[in-house]
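Subject: Structure for your files, with notes

Hello,

Here is the structure I said I would pass on.

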Amino acid sequence: MSSKASDLNYSLKGHEFSTADLELMMYLGFREDELDVLWALEDKSATSQSGFIVDRYGVKTRVTSLWPEAKAMDGHVYGVPVTGNFNWEAIEWIGLMRAVLEAGDTFRVMELGAGWGPAIVSSSVMARLRGIKDIRMTGVEGDPHHYAFMVQHLKDNGFDPAEHRLHQAAVAVREGVAQWPVTEDSSGDYGFRPIEASGDYMDRKFAATQDVRLLPMRSLVLSEDKWDLIHIDVQGSEYDICKDALPELNARAKRVMIGTHSRKLEGDLIKLFMDAGWILENEKPCKFEFRTEYKSLEGMTMVDGTQTWRHPGAQLPLPVRRPVALYAMARKLRAWTKKSPQ
């Protein structure tokens, strides 16, 4: 961290935090130099537009597709997402940009648990900025409202949905049918998943449910010869579907980005991909709060984590990581030693 301690002006119970304190406590999931990639592309024509949030890359997002608090961002134009934005933290923007910059003459991207399709559309807009014309998106979303938002999101950003593969479905290990909540408006909740026999994983009560198709991840991965990026955010089944589709991922995927929903799932995924030889480019654990009113670990997860995995066949240099927390602790120990009476 380059900020001076005096500039941070952060305190708790009268204790002023130094830069070393914050380095020890904060975990960004990336190094400062990894942010440089976010400046690689820019749509200089991106301007404010009523009803939309616009970003540096020219991606337009309807505020009506988002949660109520997002309405305050109507007409806002975001710059370089160093601190993240309404979509994601910077760790995910880094993964998206790397996937785009490392693509060849074609770009293939898939988003599972797609919501309104931010990953497929953002990365495809960036690929278009690079001059790539052969772009194909695959989006899978179980909620009918979110699915409609995704279709509209493609249109708003100059893509014909008929030229891409969009499915109103949930992702599973096996094909089938499950139950999905019926809601009047789901723009305020992007945390749904198929309802299990024991009930909703967050113990929410729904007046009615509806059928939702289950598509096997293995079949989805097989639908393209190669994938520049697969983005997964399925509220808790990420390990099961990745384990089942691992041979296909090994053969066809260059980069996999996973939104994680419990500490256990994070460990399971690290073991799964590490044993298969994949390289963990960036990761940040989820924020977890033990709360007895929830019956699942996923229900106790307050903020999703992120893991970005690169296939070993990509032949890219693995960056040397500076153990920030250990360095910060060492500096603090040296400072305390100097202050201690001899």
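This is a predicted model: local features need pLDDT of at least 70, side-chain atom pairs count only at pLDDT 80 or more; totals for chains, interfaces and linings use all residues.

Residues are numbered from 1 along each chain as its sequence is written, and side-chain values use heavy atoms, with hydrogens and water left out.

Overall

The protein has ten helices and 16 strands; these are DSSP runs numbered from the N terminus, H or I of at least four residues for helices and E of at least two for strands. Of its 342 residues, 48% count as buried (buried is under 20% relative accessible area, exposed over 50%, partly exposed in between, with a 1.4 Å probe and protein chains only). The accessible surface comes to about 16,700 Å², and 53% of that belongs to carbon and sulfur atoms (Shrake-Rupley method, 1.4 Å probe; for residues, only the protein chains shown count as cover). Among contacts between residues at least 6 apart in sequence, 72% join residues at least 24 apart (a contact is heavy atoms within 4.5 Å).

Helix 3 covers residues 90-101, and its twelve residues reach 16 Å from the first C-alpha to the last, close to the 16 Å expected at 1.5 Å a residue (the expected span is 1.5 Å times one less than the number of residues). Eleven of those twelve residues are buried, so helix 3 is largely enclosed by the rest of the structure. Among the buried ones are Glu92, Trp93 and Arg98. They pack against strand 5 (106-112), helix 4 (118-129), strand 11 (229-232), strand 12 (255-260), strand 13 (279-284) and strand 16 (305-310).

Helix 4 also has twelve residues and reaches 16 Å between its end C-alpha atoms, close to the 16 Å expected. Ten of its twelve residues are buried, including Pro118, Ser122, Ser123 and Ser124. Their cover includes helix 3, strand 5, strand 6, helix 5 (144-156), strand 7 (165-168) and strand 11. Gly131, with a positive phi near 95°, follows helix 4.

Salt bridges

The structure holds 22 salt bridges (a side-chain nitrogen of Lys or Arg within 4 Å of a carboxyl oxygen of Asp or Glu). Three of them are described here.

Arg310 and Glu281 form a salt bridge in which the closest N and O atoms are 3.2 Å apart. Arg310 lies in strand 16 and Glu281 in strand 13, so the pair ties together parts that are 29 residues apart in sequence. Both Arg310 and Glu281 are buried, Glu281 with a relative accessible area of 6%. Salt bridges that share partners join Arg31, Asp33, Glu34, Arg98, Glu102, Arg255, Glu281 and Arg310 into one network.

Glu224 and Arg136 meet in a salt bridge of 2.6 Å, N to O. This pair links distant parts of the chain, 88 residues apart: Glu224 is in the loop between helix 6 (217-221) and strand 11, and Arg136 is in strand 6 (residues 134-141). Glu224 is buried at 6% relative accessible area, whereas Arg136 is partly exposed at 23%.

Glu42 and Lys44 meet in a salt bridge of 3.3 Å, N to O. Here Glu42 is partly exposed at 38% relative accessibility, and Lys44 is exposed at 73%.

Glu238

Glu238 is found in helix 7 (residues 238-244) and is buried, with a relative accessible area of 0%. A polar atom of the Glu238 side chain lies 3.0 Å from the backbone nitrogen of His261. Leaving out residues up to four places away in sequence, Glu238 touches Ile232, Ile258, Gly259, Thr260, His261, Leu265 and Leu269. The C-alpha atoms of Glu238 and Gly259 are separated by 8.1 Å, with the two residues 21 apart along the chain.

Surface patch

Leu24, Met25, Met26 and Leu28 make a nonpolar surface patch of about 340 Å² (patches are made of residues with over 30% relative accessible area and no salt bridge; like charges are joined within 9 Å, and nonpolar side chains, meaning Val, Leu, Ile, Met, Phe, Trp and Tyr, within 5 Å). Leu28 is in the loop between helix 2 (19-25) and strand 3 (52-54) and is partly exposed, with a relative accessible area of 38%.

Regards

How values were computed. A polar contact is a pair of N or O atoms within 3.5 Å; within protein, one must be able to donate a hydrogen and the other to accept it, and residues adjacent in sequence count only if both atoms are side-chain atoms.
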